[in-house]
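Here is a short tour of one protein chain, meant to be read with the model open beside it. Please load the structure and follow along.

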Amino acid sequence: TAIQQTASDVTVTLRDREDLQARAVVVATPLNTWRSIDFDPALSDAKRELIAKGHAGHGVKVMIRVQGRHDLNVALPESYPLTWVQPEFLDEDETIFLAFGPDGGALVPGDESAVRAALDTAIPDMEVLEVIGHDWVGDELSRGTWAMYRPGQLTGLLPAARRPEGRIAFAGADISRGWISLVD
């Protein structure tokens with residue numbers, strides 16, 4: 001919940017109010033969770049701007065197992081809860097579709113009836129056997145999906161997000177230098 005640094009050490013306060021002390025700290029939590037951490041002293045202007053807006057990855061990803069073999073891809077306009085559906089695994093008896101939508105708030109993966117209805121809009125008359133997914137947007141420990149940057153963030157703010165501030169270093173999948181969404 002808080003990271004306080006002095007000239008000689010850093011104190012990290014956990015949710016249960018336990019304090020941990022170290023000479024330095026690496027913050028590797030998802031970028032959209034940084035707004036829930038009280039940094040003292042305050043972070044740089046560029047980091048605060050990036051934190052205030054967060055990244056734009058707020059979609060939904062679900063896997064849907066259906067009866068039968070269905071080797072097809074479907075793309076729909078962004079007004080639909082699922083905008084891309086593709087077969088991920090096929091055999092003669094079943095297909096597992098990987099499906100994405102633009103708004104994790106509009107379609108929650110745990111709401112199986114809503115996912116079934118969204119699939120029926122994309123591909124009518126599928127016999128759904130199982131739905132799995134995680135509500136990354138609603139998860140307080142992620143507050144979003146994979147990082148997708150808003151205009152100007154990737155080239156303007158992200159380099160500053162990677163810079164250490166005193167005894168605090170920043171790392172993680174959302175700010176990696178190589179492939180975004182992989183820790184480097």
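This is a predicted model: local features need pLDDT of at least 70, side-chain atom pairs count only at pLDDT 80 or more; totals for chains, interfaces and linings use all residues.

Setting aside sequence neighbours within four places, Phe89 is in contact with Met63, Glu94, Thr95 and Ile96. You will find Phe89 in strand 8, which covers residues 84-90.

Now zoom out to the whole chain. Its secondary structure comes to three helices and 11 strands. Starting at the N terminus, the elements follow the order β-β-β-β-β-α-β-β-β-β-α-β-α-β. With a radius of gyration of 20 Å, well over the 16 Å that the globule rule gives for 184 residues, the chain is therefore more spread out than a compact globule. Along the principal axes, the C-alpha atoms fill a box of roughly 65 × 35 × 25 Å. Buried residues make up 38% of the 184 in the chain. As for contacts between residues at least 6 apart in sequence, 60% of them join residues at least 24 apart.

Next, let us turn to a pair of helices. Two packed helices are described by the angle between their axes and the distance between the axes. How do helix 1 and helix 3 cross, and at roughly what angle? Their axes come within 8 Å and cross at roughly 120°. The two helices are therefore oblique to each other, and their crossing is left-handed.

| Helix | Residue range | Residues in the contact |
|---|---|---|
| Helix 1 | residues 45-53 | Ala46, Lys47, Glu49, Leu50, Lys53 |
| Helix 3 | residues 153-162 | Gln153, Leu157, Leu158, Ala160, Ala161 |

Sorted by class, this contact of helix 1 with helix 3 has six nonpolar, one polar and three charged residues.

Which residues of helix 3 are buried? They are Gln153, Leu157, Leu158, Ala160, Ala161 and Arg162. What covers these buried residues includes helix 1 and also strand 11, at 168-170. Colouring Gln153, Leu157, Leu158, Ala160 and Ala161 in your viewer is a handy way to see the helix 3 side of the contact with helix 1.

Terms used. Residues are numbered from 1 along each chain as its sequence is written. Side-chain values use heavy atoms; hydrogens and water are left out. Axes are lines fitted to C-alpha atoms, for helices over the stretch in contact, and angles run from 0 to 180 degrees between N-to-C directions. Helices (H or I, at least four residues) and strands (E, at least two) are DSSP runs, numbered from the N terminus. Angles under 35 degrees count as roughly parallel, over 145 as roughly antiparallel, 65 to 115 as roughly perpendicular and the rest as oblique. A crossing is left-handed if the near helix is turned anticlockwise from the far one by less than a right angle, and right-handed if clockwise. Contact means heavy atoms within 4.5 Å. Ala, Val, Leu, Ile, Met, Phe, Trp, Tyr, Cys and Pro count as nonpolar, Asp, Glu, Lys and Arg as charged, and the others, Gly among them, as polar. The radius of gyration is taken over C-alpha atoms; the globule rule is 2.2 Å times the number of residues to the power 0.38. Buried means under 20% relative accessible area, exposed over 50%, partly exposed in between (1.4 Å probe, protein chains only).
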